[in-house]
Amino acid sequence: MNPKLPNFIIAGVMKGGTTAAAINLDFHPDIFMVNATSKMEDIDYYDLDISDCKGGLPDPHKELDFFNQKDNYNKGIDFYKHFFSSDKFIRGESSPNYFCLHEYEGTLQRMAHHIPDAKVLIILRDPIQRAFSHWNMIQYFKMKWGTRFHDKSFYDCVNMKHHNQILKRSTYFENLALFKLLFKENLYIALSENIIINPVNEYNKIYEFLGVSPINQDPGYGIHFVGKYTNTNKVDEKSKEYLLKLFKPDVDKLKLGFPEIDFSVWDNY
């Protein structure tokens, strides 16, 4: 079997359910997802180091991160291809970091060069809830890249003004517009809240987008890679009030730019 390039990418967002989608879509007999299926023992060069986390991570090599990380990309396209030795109709992988175009220069250009006809799924989550989950993860795992946020309240963290990735990763419109410009009709946007409410219905919509048959009974869909955080599970009212105003301009652009999406499951921005 000759290795092939993927024809499907789940490109984000962080804390939006990319891992769960990769695992759940792999239930379909016509879909092969690297992240869900492979043991990944060949991957020893990715930047996520388990030593960065006091609490440890369930899987330090959960994403390939090929198109966004220069060191990974420089391994070459043939190395990347060998992860996709499958004869299934859909061959895919996922990384929430592919959506972070402001952090990883050249990501879209590399995708456009190597997989211009691939289909792309992006799963959005209510910006406040995504930011809160991001903060909770940092507090629990104590990643080195999040040192400036360690042991600070959610409110204090979201009020940091400069290079605040907790906030930046919850603003979606600009990056979505760039993905839409490149992938056009091969881009599908889902909301994580809808997937949780009705996974069979939402995954069948994704199957239709991918061109595979529906699965009308739940094959075992789950919510995966959920942190057992020790912090509160509810956003405090002071932070919520602040973030509703902060994220409103971006959410307004989303509603105007992507009118086919029903954002009513999000907070009232």
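**Figure 1. Secondary structure and overall make-up of the predicted protein chain.** Twelve is the number of helices, written 12 in the count, and the chain also has five strands. Both element types are DSSP runs numbered from the N terminus: helices are H or I with at least four residues, strands are E with at least two. The model is predicted, so local features need pLDDT of at least 70 and side-chain atom pairs count only at pLDDT 80 or more, while totals for chains, interfaces and linings use all residues. Residues are numbered from 1 along each chain as its sequence is written, and side-chain values use heavy atoms, with hydrogens and water left out. Of the 269 residues in the protein chain, 51% are buried. Buried means under 20% relative accessible area, exposed over 50%, and partly exposed in between (1.4 Å probe, protein chains only). Among contacts in the protein chain with a separation of 6 or more, 74% link residues 24 or more positions apart. A contact means heavy atoms within 4.5 Å.

**Figure 2. Confidence along the protein chain.** The mean pLDDT is 87, and 85% of the residues reach 70 or more. Over residues 38-60 the pLDDT is below 50. This stretch still has 44 contacts in the model beyond near neighbours in sequence. pLDDT is the predictor's confidence in each residue, from 0 to 100. Where it is low, the predicted coordinates should not be read in detail.

Figure 3. About 50 Å³ of space lies in the largest cavity. On a 1 Å grid over the protein atoms alone, a cavity is a set of points where a 1.4 Å probe fits but cannot get out; a pocket is an open set with protein on both sides within 12 Å along at least five of seven lines; lining residues have an atom within 4 Å of a point. Grid points are joined across faces, edges and corners, and a volume is the space filled by probe spheres set on the points. V13, M14, P96, F99, C100, H102, R130, K168, R169 and N175 line the largest cavity. By class, this lining has five nonpolar, two polar and three charged residues. Ala, Val, Leu, Ile, Met, Phe, Trp, Tyr, Cys and Pro count as nonpolar, Asp, Glu, Lys and Arg as charged, and the others, Gly among them, as polar.

**Figure 4. The second largest pocket.** Its volume is about 190 Å³. The lining comprises L101, H102, K168, T171, Y172, F173, E174, N175, L178, P249, D250 and K253. Two or more lining residues come from each of α9 (173-183) and α12 (237-257). Helix α9 gives the most, with four residues. Five nonpolar, three polar and four charged residues make up the lining of this pocket.

**Figure 5. Y242 in helix α12.** Y242 is found in helix α12. Its relative accessible area is 21%, so Y242 is partly exposed. Beyond its neighbours within four places in sequence, Y242 is in contact with Y155, V158, N159 and K161. The C-alpha atoms of Y242 and V158 are 8.9 Å apart, although 84 residues separate them along the chain.

Figure 6. K234 sits in the loop between α11 (199-210) and α12. With a relative accessible area of 60%, K234 is exposed. Its C-alpha atom is separated by 9.0 Å from that of Q129, 105 residues apart along the chain. N204 lies in helix α11. At 15% relative accessibility, N204 counts as buried. Residues up to four places away in sequence aside, N204 touches P214, I215 and N216.

Figure 7. Most residues other than glycine have a negative phi, and most peptide bonds are trans. A cis peptide bond joins G12 and V13, with omega about 5°. V13 lies in the loop between β1 (8-10) and α1 (18-25). V13 is also among the residues lining the largest cavity. H163, a residue other than glycine, has a positive phi near 50°. The loop between α7 (154-158) and α8 (165-168) holds H163. H163 is exposed, with a relative accessible area of 71%. K184 also has a positive phi, near 50°. K184 is placed in the loop between α9 and β5 (187-191).
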